[in-house]
Amino acid sequence: MSSPSPTTLADRYAFLQAELARLEHAYYVLDNPLLPDIEYDRLYRELLDIEGTHPEWITSESLSQRVGGTALKEFDSVTHEVPMLSLNNAFEEAELVAFDRRCREGLHADHVAYAGELKFDGLAISLRYENGSLVTAATRGDGASGEDVTANIKTIRAIPLKLTGKNIPQVLEVRGEVFMYLKDFQKMNQQAATLGEKEFANPRNAAAGSLRQLDSKITAKRPLSFFAYGLGALEPQSWLPKTHEELLNTYVELGLPVCSERRVLHSVKEILAFYNEIGAKRDSLPYDIDGVVYKVNSFAEQAKLGFVSRAPRFALAHKYPAQEALTTVLGIDVQVGRTGAITPVARLAPVEVGGVTVTNATLHNEDEVKRKDVRIGDTVSVRRAGDVIPEVVSVIKDRRPQGATEFVMPIRCPVCDSHIERLADEAVARCSGGLFCGAQRKQALIHFAHRRALDIEGLGEKIVDQLVDQNLVRTPADLYRLGFAALANLERMGDKSADNLIQAINASRNTTLARFIFALGIRHVGETTAKDLANHYQSMHALMDANLDELLTVKDVGPVVADSITSFMEEAHNREVIEQLLAGMQLAVEEKSISAAVAGKTFVLTGSFPTLTRDEAKDLLEKAGAKVAGSVSKKTDYVVAGADAGSKLTKAEELGVPVIDEAAMLDLLK
């Protein structure tokens, strides 16, 4: 096959430029990918191959130029033809009312229409297009002039290198914000942490730092985005739409990304409703904002109102309470969670964050404290978003006082004095006093009473809360000492309910060793492991006295599980509670009635069965030597399907796994 002629190749090159621009606009601006990544990559590689053959065809608009160029010695200065002014801020409703009054008085109007939009927490930028092509990009700087960041801006795929559509002015300066989506920021910081590199404190710093890189190849690797929201220089002036809202709609037609969270507002009431509506969903937005902006919608009215000092009279930024603030670390101690997790907590000098006074902030775990190098006495940045627990974002190292004290993780639980253990490959340290620790008390009791554990019907979360809060129960052993009067006096607990609960507690005295082991809530010991331990040791005391090497001989028990069991059993508080329980209980070791038809086979249960619950069916199969899995794979031997079977049945049919009903399963067990 002969090579294509230059004319044909040039046509193909032009097609690739247009097609890739269309695909990038759909992906980065409309968030609507039109092709799989692999297909986009194929077209992009073809473009690069052609440019390699014909470098003279490359222009500043070529998509290949987005990857970034060589390092710049310094940023040139760009004078803004139309100054990039700041906005006046409002924090109180009275300031908003005064702004509306000034606008109405200045326009001699009873009512004024405003364009309401978001105030992004990023970096303001000006993009100059000439005849539709991006020629210059500059930061705000001091408002009169900024830094030339054209090479870096071209790496942001949300920004078109060439505008689309027919009605394109000779000169169009688009004003907007460079920012990072939160998911992209988090992913970038996670990658930096993995590589041992410096992490950014927040998305705004990340966006600003990325855009000011001297090497645009570095900027190209950063996940920057852009929203257009304003206008600078324009030629001819006759192109200008009548309103700000129409301008933004026109930007969309030109291929520029514009935020959809905007609205035309006609009164102070509507303005406040917009502010409150955005504020309510601020924490769920995919990017950071620090307020909303109101602009008189009519450009003619904007011109009439004019400017004052370095801000326009026709616009106002209505700010939300700050979500990040600086304060001092007064101390670092630890909290014990419901599952025994030990969390370092910074005790802070009181500071207002997000409209709330914050005195504590989580430090997550020991590794996080070391990674951020948080010390007692440090000045730190604290962030709070909505109902999320405040956290220490970063340390202001240049404010660190002499003698700032490093944090040392305690070795004993501050609640129950049990040992604190940190298992291999786990970031979180935990209290080992699971049956005794006051912080874990409610969680331990709820698990103990679970239907797959001791199955104490009627002992739910609300009853457990009352029993613990009234100091009636401290450990699971105390359940068996409860009297009728104590239970009957609980809220929403009548005589009948109290009697039923006592009967359920007494019935749980006769159970199996496997259920008892599971009920203890030993970390990493689930139902299956509990059954393996029960079958191996045949008694609770034998398990309690087993050492690490012995535990490793049990089926499917590895080093992590063995460490967890020995740590639990070495804690005197736990052994004491177990002995108290054993004094009043009968533990049976279940005998397996091995069935040759199912022994060693893997079953998956799905749907509702006519006579058995799923738990009962699982018990029957496991007693017969079968394994019951939670998902279907090629290794599954049978899927037992009942009424309303779902995706597991579909997967079994796709893989050709035999599907049987309850009756057929019972026949196999016979």
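Before I start, one convention: Ala, Val, Leu, Ile, Met, Phe, Trp, Tyr, Cys and Pro count as nonpolar, Asp, Glu, Lys and Arg as charged, and the others, Gly among them, as polar. The model is a predicted one.

Let me stay with that cavity. The count comes to 1 cavity of 30 Å³ or more, and about 60 Å³ of space lies in the largest cavity. Which residues line the largest cavity? They are Glu 117, Leu 118, Phe 120, Ala 228, Tyr 229, Leu 248, Val 258, Cys 259, Glu 261 and Arg 262. Two elements, S3 and S8, each give two or more residues to this lining. S3 gives the most, with 3 residues.

Strands of a sheet pair through backbone hydrogen bonds, either parallel or antiparallel.

S3 belongs to an open sheet of 5 strands, in the order S2-S13-S10-S3-S9, and the pairing there is mixed. At the edges are strand S2, residues 89-90, and strand S9, residues 263-265, each of which pairs on one side only. Inside this sheet, strand S10 (residues 289-296) and strand S13 (residues 315-319) run antiparallel and are joined by 5 bridges. To pick out one of the pairs, Tyr 294 has Leu 316 in S13 as its bridge partner. Helix H9, residues 268-280, lies across S3, S9, S10 and S13, and its direction is at about 160° to S10.

S8 belongs to another open sheet, with 4 strands in the order S5-S4-S7-S8 and antiparallel pairing. Strand S5 (133-139) and strand S8 (225-235) each have a single partner strand, so one side of each is left without a neighbour in the sheet. From one strand to the next, the twist averages 25°. Strand S7, residues 171-179, pairs with S8 in the antiparallel sense over 8 bridges. Here Val 178 has Phe 226 in S8 as its bridge partner. Helix H8, residues 244-253, lies across S7 and S8 and runs at about 115° to S8.

What joins S15, residues 341-353, to strand S14, residues 324-336? The answer is 7 bridges, with the two strands antiparallel. Val 334 stands opposite Pro 344 in S15. The hairpin of S14 and S15 has 4 residues between the strands, and Gly 340 takes a positive phi near 90°. S15 also runs antiparallel to strand S16 (residues 356-362), with 6 bridges joining them. Ala 346 stands opposite Ala 361 in S16. This second hairpin has 2 residues between its strands, and Gly 354 in the turn has a positive phi of about 60°. Strand S22, residues 429-431, is joined to S15 by 2 bridges, again antiparallel. There, Ala 341 stands opposite Arg 430.

Last, a helix pair. Helix H20 (residues 559-570) and helix H21 (residues 572-582) pack at about 80°, with their axes 5 Å apart. That angle falls between 65 and 115 degrees, so H20 is roughly perpendicular to H21. From H20, Phe 568, Met 569 and Glu 570 meet Ala 572, Asn 574, Arg 575 and Ile 578 of H21. By class, this contact has 4 nonpolar, 1 polar and 2 charged residues.

Methods: Residues are numbered from 1 along each chain as its sequence is written. This is a predicted model: local features need pLDDT of at least 70, side-chain atom pairs count only at pLDDT 80 or more; totals for chains, interfaces and linings use all residues. Side-chain values use heavy atoms; hydrogens and water are left out. Two strands pair if DSSP finds at least two bridges between them. Contact means heavy atoms within 4.5 Å. Axes are lines fitted to C-alpha atoms, for helices over the stretch in contact, and angles run from 0 to 180 degrees between N-to-C directions. Angles under 35 degrees count as roughly parallel, over 145 as roughly antiparallel, 65 to 115 as roughly perpendicular and the rest as oblique. On a 1 Å grid over the protein atoms alone, a cavity is a set of points where a 1.4 Å probe fits but cannot get out, and a pocket is an open set with protein on both sides within 12 Å along at least five of seven lines; lining residues have an atom within 4 Å of a point. Grid points are joined across faces, edges and corners, and a volume is the space filled by probe spheres set on the points.
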